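Please look over the model shown below before reading on. The paragraphs after it go through a few of its parts in turn.

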Amino acid sequence: MIAVRRAEPSDVDAIRQIGLTTWPVAYGGLVPEEFITDGLAQWWSAEAVERGISKGITLVATEGDALLGMVGLGREGDSWVMWKLYVLPDHQGKGIGKALLDAAIAALPDGTPELLLDVLVANEQAIGFYRAQGFTEATRTPDRDLGADLMWMVIDLDRT
């Protein structure tokens with residue numbers, strides 16, 4: 001049975017392993033190899049994962065003692081942004097990504113009006129998943145130009 005819980009400092013190595021395993025699969029053929037290598041070093045280092053756990057919201061999907069996926073959220077200006085949502089390749093298509101996304105939305109502070117994410121425009125699989133969950137292309141975004149290879153998506157969380 002899959003459970004989603006808050007990440008703990010003792011999860012750092014297992015969360016890093018999720019990133020190190022999923023990034024080459026998710027982005028292989030979509031981006032230059034250098035992008036993958038640089039991203040793994042920058043965003044999946046022990047320090048980056050620890051920072052995400054301590055300063056943002058990091059949740060993990062577990063089955064028994066195994067971590068199967070993770071989601072990481074943080075602030076960018078006045079906005080909440082989902083920076084990471086990854087499920088180990090062998091466990092994709094089983095509802096784990098949706099469970100992580102639902103738990104991430106539930107973990108946001110009350111009154112949070114929307115959740116943003118950035119995604120590679122070439123990553124049709126991820127874009128399809130996010131659209132199926134209710135995300136659309138964002139019109140209002142944090143003051144950060146993503147360039148031509150990435151786009152902002154948003155889901156309206158107005159629960160009234």
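This is a predicted model: local features need pLDDT of at least 70, side-chain atom pairs count only at pLDDT 80 or more; totals for chains, interfaces and linings use all residues.

Residues are numbered from 1 along each chain as its sequence is written, and side-chain values use heavy atoms, with hydrogens and water left out.

Helix α1 covers residues 12–27 and helix α2 residues 33–43, and the two pack at an angle of about 150 degrees with their axes 10 Å apart. Helices here are DSSP runs of H or I with at least four residues, strands are runs of E with at least two, and both are numbered from the N terminus; axes are lines fitted to C-alpha atoms, for helices over the stretch in contact, and angles run from 0 to 180 degrees between N-to-C directions. The helices α1 and α2 are therefore roughly antiparallel to each other, a word used for angles over 145 degrees, whereas under 35 counts as roughly parallel, 65 to 115 as roughly perpendicular and the rest as oblique. On the α1 side, the contact (heavy atoms within 4.5 Å) is made by G19, L20, W23, P24 and Y27, and on the α2 side by F35, I36, G39, L40 and W43.

Within α2, the residues I36, G39 and L40 are buried, that is, under 20% relative accessible area, where exposed means over 50% and partly exposed lies in between, with a 1.4 Å probe and protein chains only. These three cover an arc of only 100 degrees around the axis, which puts them on the same side of α2; the arc is that of the directions from the helix axis to the C-beta atoms. An α-helix has 3.6 residues a turn, so residues three or four places apart point the same way. On the other side of α2, E34 and A41 are exposed, and what covers the buried residues of α2 includes α1.

Helix α1 also packs with helix α3 (residues 46–55), at an angle of about 115 degrees and with the axes 9 Å apart, and α1 and α3 are therefore roughly perpendicular to each other. Here V12, I15 and R16 of α1 meet A46, V49, E50 and I53 of α3 in the contact.

Lastly, N123 lies in the loop between β5 (114–120) and α5 (124–132). With a relative accessible area of 9%, N123 is buried, and, leaving aside its neighbours within four places in sequence, N123 is in contact with A26, Y27 and L30.
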